[in-house]
Amino acid sequence: MRTTLDTTASLGLAIGGIFGLAGTFVVSDALRETLWAIDGVALVVATALLTMKYQRLGNDCVAAGFLTFLAGESLLLAGNAAGLPASVPSYVGGISLWAAALIMVSVPNTFALWMRLTAFIAAALFLVTVGMVLWGAPLLPTSAPLPAAGYPFLVATFAGWIWTLLRPAR
């Protein structure tokens, strides 16, 4: 049965996905930081609600995964206003937690296989990015092909989570 909190979490995931991707492609620093601030707050709210939902359902690993995602998104949000180069340390910490969260949410078979696969691909791409930065590669959050290649898989995973929350009960 769909609840208002499911709808709110879905809206937060949608806003996070849309504004996050949009922020990656804009040229203006101020506009990017604004889009990413909206994205970050929406994802923190959504993952807080999802943490509570899955904890109540007794799915501790998924709940902990959403809580871990919330922590990672908070790190990203904290570094956002510093600008791209200065945000790299909080960005690396944030996407490290994103990767861990995506794995934690996807190991149990709570979500459809395709969602779990998109989450694992995003996690792998983010972990490669983390490793590259830690070993000295001068990557920014907007760099391509990494980390940018991970974002569409992350947003596809969000779309799956939204679908799961909003689909009619069987």
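Biologist: By class, how many residues in the lining of the second largest pocket are nonpolar, polar and charged?

Modeller: Bear in mind that this is a predicted model. The lining of that pocket has four nonpolar residues, one polar and three charged.

Biologist: Which residues line the second largest pocket?

Modeller: Thr3, Leu5, Asp6, Leu49, Met52, Lys53, Arg56 and Leu57 line it. H1 and H2 each supply at least two of the lining residues. H2 gives the most, with four. The space in this pocket comes to about 160 Å³.

Biologist: What volume does the largest cavity have?

Modeller: About 300 Å³. Its lining counts 23 residues. Those nearest the centre are Trp36, Asp39, Leu76, Trp98 and Tyr151.

Biologist: Which elements give two or more residues to that lining?

Modeller: Five helices do: H1 (4–25), H2 (29–56), H3 (60–80), H4 (84–106) and H6 (150–166). By class, the lining has twelve nonpolar, nine polar and two charged residues.

Biologist: Which residues line the second largest cavity?

Modeller: Arg32, Glu33, Trp36, Asn80, Gly83, Leu84 and Ser87. Trp36 also belongs to the lining of the largest cavity. The second largest cavity holds about 40 Å³ of space.

Biologist: Which helix gives the most to the lining of the second largest cavity?

Modeller: H2, with three residues. H2 and H4 each supply at least two. The lining divides into two nonpolar, three polar and two charged residues.

Biologist: Let us turn to helix packing. At what angle do the axes of H5 and H6 cross?

Modeller: Helix H5 spans residues 113–134. The axes of H5 and H6 cross at roughly 150° and come within 8 Å. Angles over 145 degrees count as roughly antiparallel, and H5 and H6 are therefore roughly antiparallel to each other.

Biologist: Is their crossing left-handed or right-handed?

Modeller: The crossing of H5 and H6 is left-handed.

Biologist: Which residues of H5 and H6 meet?

Modeller: From H5, they include Trp114, Met115, Ile121, Leu125 and Phe126. From H6, they include Tyr151, Phe153, Leu154, Trp161 and Trp163. By class, the residues of the whole contact divide into 13 nonpolar, five polar and no charged.

Note on methods:
Residues numbered from 1 in each chain as written. Predicted model: local features only at pLDDT ≥ 70, side-chain atom pairs only at ≥ 80, totals over all residues. Heavy atoms only, no water. 1 Å grid on protein atoms, 1.4 Å probe; cavity = no way out; pocket = protein on both sides within 12 Å on 5 of 7 lines; lining within 4 Å. Points joined across faces, edges and corners; volume = space filled by probe spheres on them. Nonpolar A, V, L, I, M, F, W, Y, C, P; charged D, E, K, R; others polar. Axes fitted to C-alpha atoms, helices over the stretch in contact; angles between N-to-C directions. Parallel < 35°, antiparallel > 145°, perpendicular 65-115°, else oblique. Left-handed = near helix turned anticlockwise from the far one by under 90°. Contact = heavy atoms within 4.5 Å.
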